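Please look over the structure below. Then read the briefing with the chains in view.

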Amino acid sequence: MNAPSSKLKILLVDDHAVVRAGYRTLLDDVPGLEIVGEADNGDLAVKMFIDTAPDVAIMDLSLPGIGGLEAIRRIVQRKHDARILAFSMHEDTVFVEQALQAGARGYITKSSAPNVLVEAVRQIAAGGMYLDPDVAQRLAFQKTRGASSPIAGLSTREFEIFCLLAEGETVSDIARRLSLSGKTVANYATQIKSKLDVSSVAEIARLAIRHGFVKV
Amino acid sequence: MSLLLRLSALVVCILLLSMAVGAVNLVANVRRAVSDEMSSSLELTTMLLQLQVDADHGREPASIAVWRDRLQALRYSRHLRLSLAGPGHEEAAPVPGPGAVPGVPGWFVRIIAPRGPELLRRIPLGDGGQQVIVRADPADEIAEAWGETRLALMTLAGFGMLATALVYAVLRRAMAPLAALSNALQQFEAGNYDVRLSRSGVPDIDRATESFNHMAGVLSQSRDEMTHLAQRSLAIQEEERRHLAHELHDGLGQSISAIKALAVSIGRKADPRTSIPPSAAMIADVSSSMYDQVRSMMARLRPSILDELGLVSALSSMIDDWNSHHEDLFCSFEHVRPLPDLPPEAAINVFRIVQEALTNVVRHASASSVSVRLRARDDDGGLRLEIEDDGTGFDPATIRRGLGLVGIEERVRAMGGSFSLAARPGTGTKFDIVIPRCQALPDERTVLETQDTAGR
Ligand SMILES: Nc1ncnc2c1ncn2[C@@H]1O[C@H](COP(=O)(O)OP(=O)(O)O)[C@@H](O)[C@H]1O
Ligand SMILES: [Mg+2]
């Protein structure tokens, strides 16, 4: 059992009482964590952060009033080393980017939160960053694809299949992996080839290597 | 033949007929006049000559030479040819007759020239067997008559032409409202309900015009109402969906995520030897899948990705999702960048159109592939959306249009765009939709914005 002073102090911000109650229950049981405050709107979150000086704030993005993103911005403005974990129902990468730009140190979605929350809190408290694996992958895809390469025109699913094809997986492997039908994957393969203007899987692989999506 | 032509032809026929009767009458009159003139001249001259003969009587009968001089003096008398005849001098008088008259058409001469026994008088000059022969010569008279008749006929013809033109013009004017009516009906058929007819001043026609205008007014009003209703209901539907998405997000979604957190917490706390941890794990799993369902419902109701990442991302993610749910049916999605920026309400309209079209493909087409293509239009910077499937197709004239097709049409209309539907039984279905660059709908936007702030 850690000494009270060494416990990680946590501020929980969410406009839904039931959510706060749920996560309080979850976090209360974790040794070494202590919830020092709760806020249900952005303004209060800023105030509570200044007052309670938590090690980590878990911050929902959709809040009444100034909203989660603005609250993060204001907190970081006052305390440059504020450690905030954004926590949202949104899975779109735009939100992730915006939260990180506002100054959050991490981003998890509410669907994965119960399993990864503690881990995320610990990493951020230790001065690190944490991104939901799913979100991180998509964000990376989006960043690396860039806007100019022909690969930018692929949909997320197409890009996924493109990478798998480039790595030498067969259509049926891919189908199993993505739980799609073989026919659908074959159709995607055809469409990817036509979009990238190539005729074989070998060419796909070459293209992927050239753009650095697959290591040789 | 058009009514106008028919009526004109009828009038012209009647006119021609009466003109023909007039002409025949005219010629008959002329003919009688010529023949009267001839016979009266003949009678008069004969009488004068007879008087002369009688005056000579008792005196020394005038010699042939004297008569010749006398006749010579009368040489130029009109219409008559005088000659002497008797034993010893066969003075042939020029034979008048229905022969040619210079400057007069033969047919006129033939009609006019007096027929029957030659108009001729013989006046005996005493007992020597000498006689003066007076013959009528209608040539002059005919020439004269021709001159007059020709003038009359020409006047008649001129009048006839004038009358024909007049009749045509009057009829045309009178029937103009009819032409306008049929023109207006044609426009109506083509879907232009804004045509109205102006009053013609003819009461009978004005009644029809008024009825037409009334009908047109009622129709276009109900068309406008229908459009308004359809668009309004689409806007309401969109608002409602947005609202529902918010509710799902704020209510159900949050509660489920709380349940999951609680379940995970219980599982961690519980004695691992009991059945609590697996039960808690199950609750967490069920919560997870409920949460996913809520998320996908939210995405269907209001794809937040559309607002955040734009139309192309929203469409490709929707189509990817669609492909993963339909094994035997593949949807390809092509887009040619750069695409014009659409205002949010237009983007959601395009998204819904594709959604609706794909729903129809699944429901009705039995297709094996469908393609969605999105590109900018070179000419006006607008957007072109094509959705084409290789299914059964249908006959747009006979199907019962449901909310799907009507919704597509109304959404296109709301954006000020145009769409063509190429569908025939057996050849698949193709939508070709063009959306112009500018399509602001201020009233609808305000509605949505109000709704948005209210939903928060
Ligand atoms: N892609 C298609 N292929 C074949 N038939 C279609 C297609 N889209 C529409 N239809 C026909 O048009 C009708 C009207 O469609 P819609 O307006 O969407 O109403 P609903 O789908 O509710 O019947 C359908 O019932 C179907 O007969
Ligand atoms: Mg339908």
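The points below cover the interface, the salt bridges and the helix packing.

This is a predicted model. Chain B and chain A bury about 3,100 Å² between them. Over all chains, the structure holds 29 salt bridges.

**Interface of chain B and chain A**

- Chain B gives 36 residues to the contact, and chain A gives 37 residues.
- Of the area of about 3,100 Å² buried between the two chains, 56% is on carbon and sulfur atoms.
- Two salt bridges are found across this interface.
- B:Lys269 and A:Asp29 form a salt bridge through their side chains, with an N to O distance of 3.4 Å.

- A:Glu160 pairs with A:Arg157 in a salt bridge.
- Their closest N and O atoms are 3.3 Å apart.
- Helix H7 of chain A spans residues 156–166, and A:Glu160 and A:Arg157 lie three residues apart in it, so about one helical turn separates them.

**H1(A) with H5(A)**

- Helix H1 of chain A covers residues 17–28, and helix H5 of chain A covers residues 113–125.
- Their axes come within 11 Å and cross at roughly 55°.
- H1(A) and H5(A) are therefore oblique to each other.
- The crossing of H1(A) and H5(A) is right-handed.
- H1(A) makes the contact with A:Tyr23, A:Leu26 and A:Leu27, while H5(A) uses A:Ala113, A:Pro114, A:Leu117 and A:Val118.
- By class, this contact of H1(A) with H5(A) has seven nonpolar residues, no polar and no charged.

**H2(A) with H3(A)**

- Helix H2 of chain A (residues 42–52) packs with helix H3 of chain A (residues 67–78) at an angle of about 25°.
- The axes of H2(A) and H3(A) are 9 Å apart.
- Angles under 35 degrees count as roughly parallel, so H2(A) and H3(A) are roughly parallel to each other.
- H2(A) and H3(A) make a right-handed crossing.
- On H2(A), the contact residues are A:Gly42, A:Asp43, A:Ala45, A:Val46, A:Phe49 and A:Ile50.
- On H3(A), they are A:Gly67, A:Ala71, A:Arg74, A:Ile75 and A:Arg78.
- The contact of H2(A) with H3(A) holds six nonpolar, two polar and three charged residues.

**H4(B) with H5(B)**

- Helix H4 of chain B runs over residues 139–189, and helix H5 of chain B over residues 203–269.
- The two pack at an angle of about 15°, with their axes 10 Å apart.
- H4(B) and H5(B) are therefore roughly parallel to each other.
- The crossing of H4(B) and H5(B) is left-handed.
- H4(B) brings B:Ala174, B:Pro177, B:Leu181, B:Ala184, B:Leu185 and B:Phe188 to the contact.
- H5(B) brings B:Ile205, B:Phe212, B:Met215, B:Ala216 and B:Leu219.
- The contact of H4(B) with H5(B) has 11 nonpolar residues, no polar and no charged.

Key:
Residues are numbered from 1 along each chain as its sequence is written. Chains are lettered from A and ligands numbered from 1 in the order in which they are written. This is a predicted model: local features need pLDDT of at least 70, side-chain atom pairs count only at pLDDT 80 or more; totals for chains, interfaces and linings use all residues. Side-chain values use heavy atoms; hydrogens and water are left out. Axes are lines fitted to C-alpha atoms, for helices over the stretch in contact, and angles run from 0 to 180 degrees between N-to-C directions. Helices (H or I, at least four residues) and strands (E, at least two) are DSSP runs, numbered from the N terminus. Angles under 35 degrees count as roughly parallel, over 145 as roughly antiparallel, 65 to 115 as roughly perpendicular and the rest as oblique. A crossing is left-handed if the near helix is turned anticlockwise from the far one by less than a right angle, and right-handed if clockwise. Contact means heavy atoms within 4.5 Å. Ala, Val, Leu, Ile, Met, Phe, Trp, Tyr, Cys and Pro count as nonpolar, Asp, Glu, Lys and Arg as charged, and the others, Gly among them, as polar. Buried area is the accessible area (1.4 Å probe) that two parts lose on being put together, summed over both. A salt bridge is a side-chain nitrogen of Lys or Arg within 4 Å of a carboxyl oxygen of Asp or Glu.
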